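Please read the points below beside the model.

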Amino acid sequence: MSLSIDINDNDSNHKGSEENNHYDVIIVGAGICGCVLAYLLGRQGRSVLLVERDLSEPDRIVGELMQPAGVDKMCEIGLGDCFQDIDAAIAYGMGVYRQGGAVRLPYPTKKIGYSFHHGRFVMKLRGSAERTQGVKLIQGTVSSLIENGTSVSGVVYKKSGEDSLTEVFAPLTVICDGCSSNFRRGMITEAPSATSHFVGLIIKDCEVPFPNHGHVFLIDPSPMLLYQIGTNEHRVLVDVPNPLPSASNGDLSR
């Protein structure tokens, strides 16, 4: 994977610093996308400010099985070690179940995937990004964009534990703060609609038909996914149609 962004040096104080609050790139959100982008830009010699609302380990169920193409790219750009020391499981393919039958779909020869706890993987990516020269990772909440007509020249954020607001500037601002982003909602005219929700749970010490494989169950009333995320843990994802039963009164667990 190669990434090259042409930034005019005259648009900012190049090689930004904490003193002048100017950077080459500001990235909002230190998830998978934000961390990888910060890492790549830092290795280009760019000054990058990476702002994340909460730097504690995320507890989410997204992006937990990376297919071989993704694994290959992570290794190619130097982030292959992020799969290590997080109890990740190797995946050799997928198993699909439908109408009482099953078929195993192996990955191509010498290709593997990895499945893992999402939060552990993100924490490894954050560490790699923060160790990259030119990248500054901070915990803070971005409250607004600094806009000049049709362009964005920076952001306003409040650092965790502080009351004052800080303005920072860059010729490029990238918003990577997830599907619940307030900034994303400001860029669309129609509210997104959801027809169903994934409900996740972890089962321990279970035997599966195809070890070290992802599993897809095309069954009624809802499809299910199952994959290993640790030495003795498997994630189960159940597709629950709208409206989602309430978790507070126990309807969801029932």
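1. Glu-64 sits in the loop between strand E2 (48-52) and strand E3 (65-66). Strands (E, at least two residues) and helices (H or I, at least four) are DSSP runs, numbered from the N terminus. This is a predicted model: local features need pLDDT of at least 70, side-chain atom pairs count only at pLDDT 80 or more, and totals for chains, interfaces and linings use all residues. Residues are numbered from 1 along each chain as its sequence is written, and side-chain values use heavy atoms, with hydrogens and water left out.

2. Glu-64 has 2% relative accessibility and so counts as buried (under 20% relative accessible area; exposed is over 50%, partly exposed in between; 1.4 Å probe, protein chains only). Leaving aside residues up to four places away in sequence, Glu-64 touches several residues, among them Tyr-114, Phe-116, Tyr-227 and Arg-235; contact means heavy atoms within 4.5 Å. A polar atom of the Glu-64 side chain lies 3.4 Å from the backbone nitrogen of His-118.

3. The count is four salt bridges, each a side-chain nitrogen of Lys or Arg within 4 Å of a carboxyl oxygen of Asp or Glu. One of them joins Arg-235 to Glu-64, with the closest N and O atoms 2.9 Å apart. Arg-235 lies in strand E15 (residues 233-241) and Glu-64 in the loop between E2 and E3, so this pair ties together parts 171 residues apart in sequence. Arg-235 is buried, at 7%.

4. Arg-126 forms a salt bridge with Glu-52, at 3.7 Å between the closest N and O atoms. Arg-126 is in helix H3 (residues 118-130) and Glu-52 in strand E2, so parts 74 residues apart in sequence are tied together. Both Arg-126 and Glu-52 are buried.

Terms used. Polar contact = N/O pair within 3.5 Å; in protein donor to acceptor, adjacent residues only side chain to side chain.
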